[in-house]
Amino acid sequence: MDPRKIKIHDCEFSTYICEEEIIARITMLAEQLDKDYDGKQPLFLAVLNGSFMFASDLLKRVSIPCEVAFIRLASYQDMQSTGKVKEVLGLTEDVQHRHVVVLEDIVDTGHTVHGLLQQLRERGPASVEVATLLMKPDCLQHPLDVKYVARSIPNDFVVGYGLDYNGLGRNLRDIYKIVS
Ligand code: 5GP
Ligand code: MG
Ligand code: MG
């Protein structure tokens, strides 16, 4: 891929992971999910907005019977602590006794996924796993077991393929990283 530079808001980004590589890795994940969830009719929960492209490209390559639903996480400041708590919005499906697979754009500190898993487990699913497009293992602050990772990256800020920088960049077909 020719290195390309783009400017988003005040920052410069350059091409990092091309669409072909993303799709190749997603295809492998889909094959793994087909094997692991054969006969289990999983419920895929895609976390909006960031996972919209990942969810689409992954799930059209999954061929076992499955359900798909979309949730959003709203951050609000907990009155009792300084930590941010994320509220799950839009989950109308009954997850009790279901095999749930959360679809995320990126796991950074793991704070978001950790909180989401806690809330989902309270609803009594048969199992919960996480499939993420990107993961920054060096940044992880929770003992999370993220079973399905399309691609691990170092601690660089990235945009594209669903990921935004202050609202822009989600539509880009490749992933770009910030030029430091
Ligand atoms: P965590 O809670 O794991 O620290 O962060 C997860 C959220 O932070 C992601 O869902 C995403 O919205 C945002 N995030 C973390 N790293 C990046 C990054 O490199 N690029 C973008 N665009 N968002 C990021
Ligand atoms: Mg996310
Ligand atoms: Mg964002």
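Strand β2 (residues 11–17) and strand β10 (residues 175–178) run antiparallel to each other, paired over 4 bridges; two strands pair if DSSP finds at least two bridges between them. Helices (H or I, at least four residues) and strands (E, at least two) are DSSP runs, numbered from the N terminus. Welcome to this predicted model, where local features need pLDDT of at least 70 and side-chain atom pairs count only at pLDDT 80 or more, while totals for chains, interfaces and linings use all residues. Residues are numbered from 1 along each chain as its sequence is written, and chains are lettered from A and ligands numbered from 1 in the order in which they are written.

Strand β10 also pairs with β9, again in the antiparallel sense, over 2 bridges. The table shows one facing pair for each partner of β10.

| Residue | Opposite residue in β10 |
|---|---|
| I17 | I175 |
| V159 | Y176 |

Now for the whole chain. The protein chain has 3 helices and 10 strands, arranged along the sequence as β-β-α-β-α-β-β-β-α-β-β-β-β. Its radius of gyration (taken over C-alpha atoms) is 16 Å, close to the 16 Å that the globule rule (2.2 Å times the number of residues to the power 0.38) gives for 180 residues, so the protein chain is as compact as a globular protein of that length. The C-alpha trace spans about 45 × 45 × 25 Å along its principal axes.

What share of the 180 residues of the protein chain counts as buried? The figure is 29%, where buried means that 20 or more other C-beta atoms, placed from the backbone, lie within 10 Å of the residue's own.

In soluble globular proteins, nonpolar side chains tend to be buried together. Here the largest nonpolar core has 39 residues, and L29, L45, L58, V102, L103, L134 and V158 have the most contacts inside it. Its largest share, 6 residues, comes from β6. Such a core is a set of buried Ala, Val, Leu, Ile, Met, Phe, Trp, Tyr and Cys residues joined through C-beta atoms within 7 Å.

Finally, the ligand. Ligand 1 is surrounded by 15 residues, with D108, T109, H111, T112 and L163 the closest; a residue is near a molecule if its C-beta atom, placed from the backbone, lies within 6 Å of it. At least two residues of this shell come from each of β6 (99–107), α3 (111–121) and β9 (158–159), and β6 gives the largest share, 3 residues.

Key. Buried ≥ 20, exposed ≤ 12 C-beta atoms within 10 Å, placed from the backbone.
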